[in-house]
Amino acid sequence: MPNLQPYADPNYFVYLLLALVPLAVGLYFGKRFVTYEVLVSLAFIFLIFDDKSHSGQGLALIIYSIWQFLLVWGYITYRKKQNTGMVFYATAALSILPIFLVRLSGAGIFHAQLSLLGFLGISYLTFRSIGMIIEARDGAVKDFHPVMFLRFMLFMPTLSSGPIDRYSRFAKDAAVAPEREHYIDLLGKAVKNLFLGFAYKFIIAHYAEMTYHYFQGMAMSDAHHGMLLSWWLIPVAYSYGMYLFFDFAGYSLFALAISYVMGIESPINFNKPYGAKNIKEFWNRWHMSLSFWFRDFVFMRFVFLFLKHKWIKNRNTVSTLAYFVNMLVMGFWHGLTWYYILYGFMHGAALAGNDVWIRFKRKHKDKIPHNKFTEGFAVVLTFHFVMLTFLVFCGFLDTFWFHR
Amino acid sequence: MSNKKKLWQIFGPVLVAFALLALIFLLPFSLTHYSQKSLQESSVSFSTQLVKGEAVKNAAFADKKVNYVPFFGSSELSRIDSLHPSVLAEKYHRNYQPFMLGKAGSDSLVHFLNMQEMQGTLKTKKAVYVVSPQWFTKTGSDAGFDLFYSPLQLVDWLLNIGTNKPTTTDQFVASQVLERSVVKNNAYYNRLLKQIENGDSLSEASLSTLRFKHRILSRQDALFSRLEKSSNYKNRVLPAAKSLPQIYSKNALDRLGYEEGKKGTSNNAFHIKNSFYTTRVMPEKNSLKNSQKNYNYEQSVEYAYFQSVLDNFAKNHTDVMFVITPVNQRWAKYTGLNNEMYQASVAKIKYQLQSQGFNNIADLSQDGGEDYFMQDTIHVGWRGWLALDQYLNPFLSSGTTKTDYTINNRFLSKEWQNLKPSAQNLSDFK
């Protein structure tokens, strides 16, 4: 059997799209072939894990899915009768447990063997299941449908790196076939996304990555001369920023295109993020399905909890604190390394600082100009700040300073 | 708008795009014209694209003005200084000009596939093959495989086999290549190579799809091999040639190599080129001490890869000279590399060559202690290049001699790969 990593090379699209033709024809005629959809999903997931170097991951995925299945099933069954905070928090904690252990062992803090629990996509699957537990707590998800749960958890197009969907939204799409008019629009979007994705990922990101590696090499030769900083770190940051965007946005476009062909409108992930006027807007445009997930399930929950219990009275203080918590959790989620955590901290600080600035600006409306030039300046400033945080995020500084 | 019309609007452009693509790939116009200048630059570009593709190789070796001779090798090829083979050939108007194929990481398995794209050349031209004992590590130096691999090589190889029964060498190489994920994960090549591995002939149907693939891939190669630009010839070879004396005199050039080597290696006691020393050695100098104590080149799958290359030379009756490279002795002492082991692996390589009739060997392996023979740790430079010229020039400047090789497939076997060489057991190996 060949091994096929998702969206890795052009052949993958040929195989996948051919496999999806019967499903698409069915959807066009108003029929959703659920069994076929599940079989194709499983087959392509199997092909990710079917060689020696990946088979352990495949096993981990199966065990992980059973674990989450039992937790969500158990919690929804319980929630029908009772609703205590303790049980909710305990279930959520158990749901996070696998990725928590994987991250610990990845950082060398815990048994290295625990990294065996990890597999491609674990962090994204965690969002799906814990999101579902939270939706159940809120009453947005009332019943547990085993098949729908598995279709949601193991939805192949977005398995490895999102976009992160919500169960209640997904289930609505997946239960029926879309209207024909609407499905044709989806196919149109799918074609556009695929070709834009090819340009992003296979052309632009490819060259951006080459320049990124080139600048890394130049910076490392300064490191070998014992320098603590190097001018080459600047192009390292920008080339990485370009690579990261075009690679990830390209990937997201593929995932959406395939979702659309399957008649599922997964949420979009990027909306011209480098044109954002401030850091808050940046997070409304960058890795959107993740940042909205965090906004709804971390930031808002945190703010409500604090205001409800009146632990802190001042709203501004609560939201400042919530920004830091939100971004630090995101940093930890990426991995337990100093640079992910610092990255989270920088964005937390920037979001809080941005709020302070906006309040200040509102108070002094008459004195602070607001026009095209200030807006342009804001876009440029935000962009450069983001690039600086990406220099931290990419981890190259770790190599540059500590692994010379 | 009707649904049908909408569907046309969506998929029509896609169909047009594929049709245009098909035009570019299938219409019979040639894209493979290369200027003299660009071939000259390619000859010292050390680009991976040259090894991957066939367009530039075909153009260079078919060139009527310059007699390009393939130099197969790895990292040593790129050590250009005043006495580098390309510089000497340029300056002294030799009737050959080296065409360098390979850079760090290109070992015999890479070159076996590389050669599949130029079998015609190997039938008519002489060749030089530089063997680095460093390739011969226990599991082979396969880090470079992905870098140099292209599907076009496989297609050419399979077309070369044609409907014939695969030879033992073909079977062996198929089994090795199938272990690389770039090949294994391609269902199409995987299936065909399994057939070769099992010794089954390819069907006529397989061959016609292969011919179609060849058309597409070689067109792709011709389109994209132009994208890489290099200027080593202009910036390094020509200036170096300018500084040489008008008349070739071995003694004068040797003195010049001595002077340049002395000047170029002034910042360290190992006689390593200054820039190499500051960037590659100095930062890790302490950790490198005795770091090569346990290196061993005596037992390696690479001996079998090497054999596949020999088999291919024999098949094409290529008149070929082998160069065996030394290591910098001053450096080897510091890193603890065992010289006896090194010489034993050289003896094993030479036995494999000579017992099959490959007798053109430039064995430099003992000379790594000479002053300014090496440019850095394991690569010859200055006086080393000049010493090599004493072998290369007579060989390449004279006419082809008829070859007489007798291939022994036992050199592909595990016994040979794992044989610990000694004078006795080498001569016993038949």
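Predicted model: local features only at pLDDT ≥ 70, side-chain atom pairs only at ≥ 80, totals over all residues.

Strands of a sheet pair through backbone hydrogen bonds, either parallel or antiparallel.

The pair belongs to an open sheet of 5 strands in chain B, whose order is β2-β1-β3-β4-β5 and whose pairing is parallel. At the edges lie β2 (97–101) and β5 (361–363) of chain B, each of which pairs on one side only. From one strand to the next, the twist averages 20°.

Stepping back, chain B as a whole has 23 helices and 5 strands. Its radius of gyration is 23 Å, close to the 22 Å that the globule rule gives for 430 residues, and therefore chain B is as compact as a globular protein of that length. Of the 430 residues of chain B, 43% count as buried, and among its contacts with a separation of 6 or more, 83% are between residues 24 or more positions apart.

Where does chain A come in? Helix α8 of chain A (residues 180–224) packs with helix α1 of chain B (residues 3–26) at an angle of about 10°, their axes being 10 Å apart. Because angles under 35 degrees count as roughly parallel, α8(A) is described as roughly parallel to α1(B). The residues making this contact include A:I184 and A:L187 of α8(A), together with B:L7 and B:I10 of α1(B), and the residues of the contact divide into 6 nonpolar, 2 polar and 2 charged.

Definitions and conventions:
Residues numbered from 1 in each chain as written. Chains lettered and ligands numbered in written order. Pairing = 2+ DSSP bridges. Helix = DSSP H or I, 4+ residues; strand = E, 2+ residues; numbered from the N terminus. Axes fitted to C-alpha atoms, helices over the stretch in contact; angles between N-to-C directions. Parallel < 35°, antiparallel > 145°, perpendicular 65-115°, else oblique. Contact = placed C-beta atoms within 7 Å. Nonpolar A, V, L, I, M, F, W, Y, C, P; charged D, E, K, R; others polar. Rg over C-alpha atoms; globule rule 2.2 N^0.38 Å. Buried ≥ 20, exposed ≤ 12 C-beta atoms within 10 Å, placed from the backbone.
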